[in-house]
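Hello,

I am handing this structure over to you today. Please have a look at it first, and then read my notes below.

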Amino acid sequence: MTVEDKVKNPDSLEIHDSFNCSKSKYFLGKFLQVLELPLSLPRRVTIPLVSEEKWSKPYAVISVTLAPVLLAAICNTQRENVGSKSNVVTYLIAALIGMVLGNMACVTTKSSSPPRTCLFPWLAAGFAMSVTWTYIIAEELVSLLVSLGYIIGVSPSILGLTVLAWGNSLGDLIANGTMAMNGGKDGAQIATSGCYAGPMFNILMGLGLPLVLSAWSEYPEPYEIPKDPSLFVTLSFLMGGLLWALVILPKKSMKLDKSLGAGLLTIYLCFLTLRIAMAVGILKF
């Protein structure tokens, strides 16, 4: 397009610029999809999805076929002092189970729509594999934090206290804060329940289940937890926060006000300061 054409037809210039902008966004989106493919494709082919928007029979069959193989791979990587024959047997059993489930999914599903009946096995499998991928990502994130700590000379415990802890809690913070501000009369109650129910699940299940599995792997030998003074500090501040809420809420007739939040923030800041001081060597126990 020449300069004279641009002067005579300003509308065509706007259309041309809009076309170029949309074209650039299209190629940028495709480029980002290609970059994301190594991360999204493994999840897509191992997590069964039965929603209307994302239903695909080939992906569904492949996901239920490969999901047992992924679980077998995780089990083999977690076991120690196990021979290669045992690992091969585990993979063969997982592959056999996957082929049986894949054939069942191929026979019982339609290409046009997701299954309408017997949804519980699909939902349970999707939830289990989502938890599995969360575990895998968490393991890689912890390894990355430890490596980053060694590279830049920062203690991994400090990174865990700050980056990892804040990153894990950021989603809950946004969700609970939004619910408290925009959830109406019951919003604050739901947000408060979520604040305590989420960490309770993480502590009881996140500690209970790994300890059971670790003790099981060491059986009949006892499983010993390394002595760590910082663990007692963490538990003490956790109990302090719970006791503060337990004392303040009944005194305020179960009404939330700034005294509860100020006290909890103070306890957390004291905990964070003390743990960082312990990590850098200022305080020793």
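Rings of Phe, Tyr and Trp (its six-membered ring) pair if their centres lie within 6.5 Å, with planes under 30 degrees apart called stacked, over 60 edge-to-face and the rest tilted. Ring pairs join F237, Y268 and F271 into a cluster.

A word on the source: this is a predicted model, where local features need pLDDT of at least 70, side-chain atom pairs count only at pLDDT 80 or more, and totals for chains, interfaces and linings use all residues. Residues are numbered from 1 along each chain as its sequence is written, and side-chain values use heavy atoms, leaving out hydrogens and water.

The ring rule gives three aromatic pairs in total. W55 and W122 form an edge-to-face pair, because their ring centres are 6.3 Å apart and their planes stand at 80°. W55 is in the loop between α2 (10–44) and α3, while W122 is in helix α5 (residues 119–152), so this pair ties together parts 67 residues apart in sequence. Helices here are DSSP runs (H or I, at least four residues), numbered from the N terminus. W55 is buried at 11% relative accessible area, and W122 is buried at 11% as well; buried means under 20%, with a 1.4 Å probe and protein chains only.

Next, S63 belongs to helix α3 (residues 57–78). S63 counts as buried because its relative accessibility is 0%. Beyond its neighbours within four places in sequence, S63 has contacts (heavy atoms within 4.5 Å) with R44, V45, T46, I47 and P48.

Best wishes

Technical notes:
Helix = DSSP H or I, 4+ residues; strand = E, 2+ residues; numbered from the N terminus. Buried < 20%, exposed > 50% of the residue type's maximum accessible area, 1.4 Å probe, protein only.
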